[in-house]
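Me: I'm new to this one. Can you walk me through a few of its features?

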Amino acid sequence: MTGFLDGLALVMQVDVLVTMLVSAMFGLFVGMIPGLSATMAVALLVPVAFTLSPVAALATIITCSGMAMFAGDIPAAFLRIPGTPASAAYTSDMNDLTRSGRLGDALGMSVMSSAIGGIMGTIVLMFGAPFLADFAMNFSSYEYFWLALLGLSCATLVAGDDALKGWISLMLGLFLSVVGLDFVTGTQRYTFGNMNLQGGIGFIPVMIGAFALAEIFRKASSFDGSSLDASIKITGRPYPSAASLWRERKHIARGGVIGTLVGALPGAGADIAAWVTYAVSKRFAREPKLFGKGSSEGVAGAASANNAALSGSYVPTLVFGIPGDSITAIVVGVLILKGIQPGPLVFVNSADMVNAIYIIFLLANIILIPLGIASIYLGRFVISVREQILYPLILLLCIYGTYAVSNNIFELWVVLAIGLLVWIMQENEYPAAPLILGLVLGQVVEQNFMSSIIKANGNNINFFNRPISGTLGVVTLIVWSYPLIAAIVRRRSVAKSGRA
């Protein structure tokens, strides 16, 4: 109880509450713009978070991401265009419900389900993370090596349909992570004599380049001069009735559970949580034929999963320092920049800050309800903002934010290079998330591997000697061999069917 009160005292500071309100409005604004993601909103706020206290910085990221995740449903409802990737699963349902005058069962259901799902995920985080942290206190560098390696491996499996492209993206991220001075010997690696690269590739310019500048390049390459017009009139109340909310309680609860579990998987995130929950909701729906044609059941389940996944992704982030998604990859970077190392010891050394995170999550999901309902009315105007104004403004934010943190022109070149790289990758359907996770976790893998190999005196068997380390090692090897095993099974099945 004392820890909770200490955390509450940290949150109830003027700077923290003000940053939560400002970041909430910013997250809603960015989330409403079709094509812009919650990750991009957070990436643009990283330079701001860098200047704040650790609690205020985390409050900025948590609040912004939760608001942006819901706000992506607004263009889905008015334009049939998902504002964020996580909204794509139920975009048709949102639009059909809104067109039929059932705004409360569309956006109203979304905002309530998002808040409830977020709170459910927070409760799991509050009670599950400390339990796992106690378990992780017994981890050594062997366990952390395998855990980070497993996180990287899982990230490629959920990155898309093409596992090879996921692996290539991951390798690029791992390459970026080794630029700079060697962890053990201090030898320069891939610096090409440039003093600016001796400290490694900067985290902030990579985030801004990958999630903001790449989006500007993508939009510029497809811009046709047209503007969006949310012509659907708002009719009816913008919130669901108590009866309809109670009717969808099972879908909301199921979405909260699935979203939290999927969010806790490294690299999965809210997008996959929404699609998985949407499919499960259809399986147990009262009217499965309405899915894709205006189902409030589908909206309730998937919207709940979106925000629950945000909370769930903080479980591996805080306990092990392994990001659950792209947003928590940014969180890990911000924590390290603030001198806080994520891991089980953070629950001991910074217990008040961990409790502050729980409280921020609860507050962010509570204020989502009034701010979300207000944004339904304002959303039609935000959607219609001319892209000729919006994207140059985002570009200015990218430049200003990068330079303000480092005061180094070289960082701007890094932003440009990463932005071009990620844009080219996305144009060829290479996922960006494994690259970011590779950058963040690459150093964790290398440092724990080198520490372990030095302790083991070069004996690789020691990586499997400890029970937990051995189990994680075997699981990692199985994950690596899965694509090969699956390919062999498919060939045999095809050969058998051919002979038949």
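Reply: One term to begin with: buried means under 20% relative accessible area, exposed over 50%, and partly exposed in between. This is a predicted model.

Me: Okay, is E248 buried or exposed?

Reply: E248 is buried, because its relative accessibility is 0%.

Me: Which residue does E248 form a salt bridge with?

Reply: With R247, where the closest N and O atoms are 3.8 Å apart. R247 has 38% relative accessibility, so it counts as partly exposed.

Me: Which residues are in the network of salt bridges?

Reply: R247, E248, R286 and E297 are linked in it. E297 and R286 form a salt bridge with their closest N and O atoms 3.7 Å apart. E297 lies in helix α14, and R286 in the loop between α13 and α14.

Me: How many salt bridges are there by this rule?

Reply: The count is 6. One of them joins E143 and R466, with the closest N and O atoms 2.7 Å apart. E143 is in helix α8 and R466 is in the loop between α22 and α23, so the pair ties together parts that are 323 residues apart in sequence.

Me: Switching topic. Where is the kink in α21 centred?

Reply: On L441, and the kink is about 40°. Helix α21 has 23 residues and reaches 33 Å from its first C-alpha to its last. After α21 comes N457, with a positive phi near 60°.

Me: And which helix gives the most to the nonpolar patch?

Reply: Helix α20, with 5 residues. The patch covers about 580 Å² of surface, and its residues include I409 and W413. I409 has 48% relative accessibility, so it counts as partly exposed.

Notes:
Residues numbered from 1 in each chain as written. Predicted model: local features only at pLDDT ≥ 70, side-chain atom pairs only at ≥ 80, totals over all residues. Heavy atoms only, no water. Helix = DSSP H or I, 4+ residues; strand = E, 2+ residues; numbered from the N terminus. Expected span 1.5 Å × (residues − 1). Bend = angle between axes of the 7 residues up to and from the residue. Patch = residues over 30% accessible without salt bridge, like charges linked within 9 Å, V, L, I, M, F, W, Y side chains within 5 Å. Areas by Shrake-Rupley, 256 points an atom, 1.4 Å probe, with all protein chains shown as cover. Salt bridge = Lys/Arg side-chain N within 4 Å of Asp/Glu carboxyl O. Buried < 20%, exposed > 50% of the residue type's maximum accessible area, 1.4 Å probe, protein only.
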